[in-house]
Amino acid sequence: MSPTLKSHGRSRRALAGRAGRTLALFTLCGGLSIAPIAADAAPAADPAPAKAATAAKKPAKGGLGFDLPVQEFTLANGLRVYVVEDHSTPAFNMTLLYDVGSRDEVQGRTGFAHLFEHMMFEGSKNVPPMGHLTFVQRVGGNNNAGTNYDMTVYYNNLPSQYLELGLWLESDRLRSLEITDANFENQRSAVKEEKAMRMDNVPYAAAVQKWLSAAWAGTGYGHEVIGSLEDLNAAKTPDVQAFFDKYYAPNNAVLVFVGDVELADLQAKVEKYFGDIKKGPDRAPTAVGQVDRSKPMESVVEDPLAQQALFLLGWHTVGANHPDRHALDLLSNILLVGESARIPKILQDEKKLVAFSGGTHFALRDVGLVFINAMPLKDVKFDAIKQVVRDEVAKVQKSGITAKELQKAINAQVMNTVETLATNQGRANEIAQGALFHNDPKHVLTDLEKYQQVKPADIKRVANEYLGPNWLTLEINPGGGGAPMGMGAG
């Protein structure tokens, strides 16, 4: 599905040029990460003997000319494990992805998914607070975590000889996380500080997040990933424990290893450290909900932190599993991504209306949004930007796009994928998300095959179907004149 999670949201991987500036803003609003402060702790347990390996599945190459040779096994408690052996460097990535994000939270208890990203570093039976980070850093590795609307991820990059360190650390906090009044209060305060630093005091961030929440009202995406202060203040330690018991279970996670590991050895060690952890309760699917597509949504806000205006314009689309998602990704690439894309080229180079512009197709698990952002030059009004967008969209709706434009957009997807798969962490992240959301650890490659099947007629069809008159617009103005960080309807 999405992007790497480092501050995180689900854009679809790296974007080029000016679009990346507002993608960074969307990423900030769509997910959060932590880098805990280090603390002293003790070493991990001794190695265990190996067991037999399982067979790899049939290759899926996605037109790249290479494969992800994923091997897999499942523990009795439901933990799904995926392995790619790559002995080219003496290091590996270990990624543990939990099927819980802010979409899974209930009214009155928002922010718990992100809270647990913090709580998981507060110590467990055998590891002191922040010891997880310290252990990994002391041996030359690095680790972090991230939360977004759809998932929570924890990763460790380690030298090869410290496999059991990573296994011990992750299994210990899953088995015996210390959920105490003191730990909860400590991390509740940390989340409040993070919200103030990364949302409330960052230009545009709060306004964009409120716009997204309003656009996705009626679904699990209709609130901020970081949650509300009211909900965090009202929460009690038993509420936090109940959330952990429901979602932090081996059968609600996938575990991925990419790098200098051997499957036969790894399978025995995963069983040693995770095999005795109790299976969690079976989950009912999270309700999808419905967005209101029947009318436009126009918002004008005042941001006292902003030095310049920022305009956003978008349309409701589809979630990541919808068959139209690939054509919409390519359409947004043609219209918005990079300096040579149709709309940025006109807005900046030809008409000289903006300092920068761009956008993307922001496809999450259940919802999607094609959005355009533009920072206007002095005295340029939103109507001038809207007219350019309206004209270019109408051209695609009437005349379609060229085969050359389509091939360029497909090539960009291929290059983004190659860049992502160049690292152990990138491969592990894609395998984990493919397995969790699509039951396909090679989804990143099968996805490329679907992009290559898109025809110009598909681009024209989705432009007419989704890029209609019901626009979602946001005008953020510095100084006075608008609603103070609310959603003033126009």
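Mentor: A cavity, on a 1 Å grid over the protein atoms alone, is a set of points where a 1.4 Å probe fits but cannot get out, and lining residues have an atom within 4 Å of a point. This is a predicted model, in which local features need pLDDT of at least 70, side-chain atom pairs count only at pLDDT 80 or more, and totals for chains, interfaces and linings use all residues. Residues are numbered from 1 along each chain as its sequence is written, and side-chain values use heavy atoms, with hydrogens and water left out.

Trainee: What volume does the second largest cavity have?

Mentor: The structure holds four cavities of 30 Å³ or more. A volume is the space filled by probe spheres set on the grid points, which are joined across faces, edges and corners. For the second largest cavity, the volume is about 50 Å³.

Trainee: Which helices each supply at least two residues of the lining of the second largest cavity?

Mentor: The residues that line this second largest cavity include Met120, His132, Leu169 and Arg173. Helices are DSSP runs (H or I, at least four residues), numbered from the N terminus. Those that each supply at least two lining residues are α3 (131-138) and α4 (163-176).

Trainee: How many residues of helix α15 are buried?

Mentor: Buried means under 20% relative accessible area, taken with a 1.4 Å probe and protein chains only. Among the buried residues of α15 are His443, Leu448 and Tyr451, and what covers the buried residues includes α10 (325-336), α13 (403-420) and α14 (424-438). Helix α15, residues 443-452, is mostly covered, and of its 10 residues the number buried is seven.

How values were computed: Buried < 20%, exposed > 50% of the residue type's maximum accessible area, 1.4 Å probe, protein only. Contact = heavy atoms within 4.5 Å. 1 Å grid on protein atoms, 1.4 Å probe; cavity = no way out; pocket = protein on both sides within 12 Å on 5 of 7 lines; lining within 4 Å.
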